[in-house]
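Colleague: Hey, can you walk me through this one? I'm new to it and would like to ask a few quick things.

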Amino acid sequence: MPDQPASPPALTELAACRTRGDFGQLLSRLRRSAGRSIREVSAATRIPVATLGDYFNGKHLPPARDRTLERILAACGVTGEETVQAWLAARLAERAGQMRARGLPLVVTGPSGAGKSSLLRAGLIPRLGPGTQAIVFTPGPRPAQALAAALRAAGRDTGPEENTGHPGLAIIVDQFEEVFAPGVAEDERDELIEALYAAARLGPEGATLVVLGLRADRYGRALADPRLAQSLQDGQVVVGPMTVAEIQAAIVEPARKARLDLEPGLVDLMLRELRPVRASRGAHDPGALPLLSHALLATWGERRSGRLTIAGYQASGGITDAVARSADSAYGELTPGQRQAARRLFLRLVWVSDDGADARRRVALDELNGGGDAGGDGHSPGDQPGDLAAVLDLFVARRLLTSDEDTVEITHEALLTAWPQLRDWIDESRAELIVARRIIESARIWLDSGRDDGDLLRGGRLTMARDWSADPGRRPGLSAAEREFVDASFTREHAEAAEQRRATRRTRRLAGALAVALLLTAALAGYALQQRSAIGQQRNVADSRQDAAEAMNLRNQDPTVAEQLSLAAYRAARTTQARGSLLTSSAAPLAARLLGPADAVQAVALSPDHQVLAAAAAGT
């Protein structure tokens with residue numbers, strides 16, 4: 001059977017919402033009034049049908065962390081900021097009631113400047129009901145005393161744990177992160193937390209509603225306390241950054257209620273100056289709300305005849321002037337040591353480019369807190385303990401820095417150009433910051449590669465880093481991992497230089513050994529040649545003597561051969577035997593056979609000078 005048409009819930013009905021069931025019924029009415037089935041809402045929001053069914057039946061509340069409720073409301077046609085905020089506040093009130101019934105405080109957490117205080121004061125308190133007395137305070141340096149003072153001001157002189165029978169009491173602690181400030185004594189912090197949990201633990205008829213507004217960057221500190229950890233695990237509401245539509249409503253709605261006219265184009269101008277740097281998030285940066293508050297207040301001071309104008313906004317300085325005034329005011333409250341810490345902190349949060357297009361940079365809190373040398377506290381020599389923490393807390397409280405659980409960054413890009421002090425710091429240190437940026441970039445590559453030695457600094461980059469690191473005051477500008485990277489680069493350079501020296505020494509020793517070997521080889525070769533020559537000479541002498549002896553034996557039988565052997569013996573070696581054999585052979589007449597015609601020789605004639613012999617033979 002299809003859903004029956006219904007009228008959408010009125011704002012008064014949302015304000016009267018007290019239970020999860022009430023919230024589910026109102027959400028179901030809204031869906032029916034929009035004429036949409038659960039499956040249609042599921043298709044529009046991409047939330048499973050079963051999950052949506054639990055929300056519409058009041059079994060569960062839509063979580064706050066991923067803007068689930070806003071998606072459901074948009075699918076049902078609700079886009080007006082005032083109505084959306086009413087639904088959010090109704091959910092917060094119902095969530096607070098759940099935690100109250102369980103005897104635990106509710107924790108509202110989110111980044112600085114996201115609107116937690118506004119949600120607690122303007123959203124939650126009006127929905128607590130006419131019979132509820134709300135006590136709102138901030139802890140300050142003496143949190144337990146601050147609670148006692150707030151109770152006395154509300155006419156309750158005893159501690160909250162003694163207020164049995166007064167279920168209409170609500171204690172709202174705004175900026176609860178102040179209990180973790182460096183100057184707060186541990187016993188004071190523990191006393192406040194114990195008092196708040198004692199109040200929340202009272203019986204169902206006398207329990208006090210306790211709500212804590214906690215900045216996200218102190219989330220880890222809160223988890224370290226077992227009592228707070230239980231609330232964070234079982235009951236927390238996350239307040240995210242404002243969307244463009246919410247920023248626009250924050251400008252328009254208060255002006256409408258104050259019956260002020262807005263000049264056309266003024267809202268667009270403010271939105272442009274507040275535009276999110278990370279546009280993919282679809283939301284303005286945390287901290288946009290306090291900047292906008294500064295600018296609107298200044299513009300209101302320049303109003304003309306009940307109208308807020310562009311000229312008035314520009315005359316007031318707008319976002320730029322609001323940022324500069326707040327920064328100067330905060331800086332003026334610092335001690336000399338804290339001012340030095342502030343300079344290092346802000347320069348760490350700036351990304352300086354070669355072309356002067358500077359930008360803010362998000363830095364992990366553990367890099368700041370773990371950025372020191374021996375002590376690992378991120379301070380330079382001479383810093384007082386807690387200087388950095390004090391600076392960080394002050395500028396976050398002034399909404400000039402935005403810090404969540406893990407990171408910190410400058411709230412708005414305008415601070416880079418609007419605050420003269422920061423501009424001077426950047427200009428004075430630009431060359432050093434560029435070197436530091438290159439070191440940081442190289443260190444990130446090294447870390448991403450698993451600390452590969454191939455990604456360490458070398459050559460000109462290493463020389464640049466060495467010159468930059470010569471000033472010990474610059475090292476705290478790097479995180480512990482980045483200093484490890486620089487030190488590893490230096491260590492590798494020293495190791496390579498030592499290895500080069502060792503290689504040079506090895507080369508020299510090898511060259512010396514080779515020279516000695518060469519000389520030895522030459523000497524051995526010379527000796528071998530000498531030996532070969534001697535052996536050859538001895539062989540020639542032996543051959544000469546043998547030939548001379550054979551010549552002597554053949555002289556009577558064949559004097560010609562004997563003469564040839566004598567000559568060969570003398571040529572082989574001029575031994576006594578060879579010389580004697582040759583002389584003997586030369587003194588004896590020799591017979592020589594002449595080859596003549598093949599036929600029989602018939603006549604022979606010799607010339608008178610005995611030089612010519614003629615032979616005649618018969619031819620065939």
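Predicted model: local features only at pLDDT ≥ 70, side-chain atom pairs only at ≥ 80, totals over all residues.

Colleague: OK. How many bridges do β11 and β12 pair over, and in which sense?
Modeller: Three bridges, and the sense is antiparallel; β12 covers residues 407-410.

Colleague: What order do the strands of that open sheet come in?
Modeller: The order is β10-β12-β11, three strands with antiparallel pairing. The edges are β10 (363-364) and β11 (401-403). Each has a single partner strand, so one side of each has no neighbour in the sheet.

Colleague: Let me zoom out. How many helices and strands does the protein have?
Modeller: There are 26 helices and 14 strands. The protein has 620 residues, and 43% of them count as buried.

Colleague: What share of the contacts with a separation of 6 or more comes from residues 24 or more positions apart?
Modeller: That share is 68%.

Colleague: Back to sheets. In the open sheet of five strands, is the pairing parallel or antiparallel?
Modeller: Parallel, and the strands are ordered β2-β3-β4-β1-β5. At the edges you find β2 (133-137) and β5 (236-238), each pairing on one side only. Neighbouring strands in this sheet are turned by 15 degrees against each other on average, ignoring direction.

Colleague: Which helix packs on the sheet, touching β2 and β3?
Modeller: Helix α8, residues 143-153. The direction of α8 makes about 145 degrees with that of β2.

Colleague: What about β1 and β4, how many bridges join them?
Modeller: Five bridges join β1 (residues 106-110) to β4 (residues 209-215), and the two strands run parallel. Leu 106, for instance, has Val 211 in β4 as its bridge partner.

Colleague: Switching to rings: how many aromatic pairs does the count come to?
Modeller: Nine aromatic pairs. One of them is Phe 23 with Trp 87, an edge-to-face pair at 5.6 Å centre to centre, with 90 degrees between the planes.

Colleague: Why does that pair tie together parts that are 64 residues apart in sequence?
Modeller: Because Phe 23 lies in helix α2 (residues 20-33), while Trp 87 lies in helix α6 (residues 81-102).

Colleague: Is Phe 23 buried or exposed?
Modeller: Phe 23 is buried, at 1% relative accessibility. Trp 87 is buried too, with a relative accessible area of 1%.

Colleague: Why is the pair of Phe 346 and Trp 425 called tilted?
Modeller: Their planes sit at 40 degrees, and that falls between the cut-offs: under 30 would be stacked and over 60 edge-to-face. The ring centres are 6.4 Å apart.

Colleague: Where do those two sit?
Modeller: Phe 346 is in helix α17 (residues 336-348) and Trp 425 in helix α21 (residues 420-428), 79 residues apart. Both of these residues are buried. They also belong to a cluster linked by ring pairs, together with Tyr 331, Phe 395 and Trp 419.

Colleague: Last one, charges over rings. Which ring does the charged end of Arg 303 sit over?
Modeller: The ring of Trp 300, 3.7 Å from its centre. Elsewhere, Arg 31 lies over the face of Phe 56, at 5.1 Å from the ring centre.

How values were computed:
Residues numbered from 1 in each chain as written. Heavy atoms only, no water. Pairing = 2+ DSSP bridges. Helix = DSSP H or I, 4+ residues; strand = E, 2+ residues; numbered from the N terminus. Axes fitted to C-alpha atoms, helices over the stretch in contact; angles between N-to-C directions. Contact = heavy atoms within 4.5 Å. Phe/Tyr/Trp six-rings, centres within 6.5 Å; stacked < 30°, edge-to-face > 60°. Buried < 20%, exposed > 50% of the residue type's maximum accessible area, 1.4 Å probe, protein only. Lys NZ or Arg CZ within 6 Å of the ring centre and 35° of its normal.
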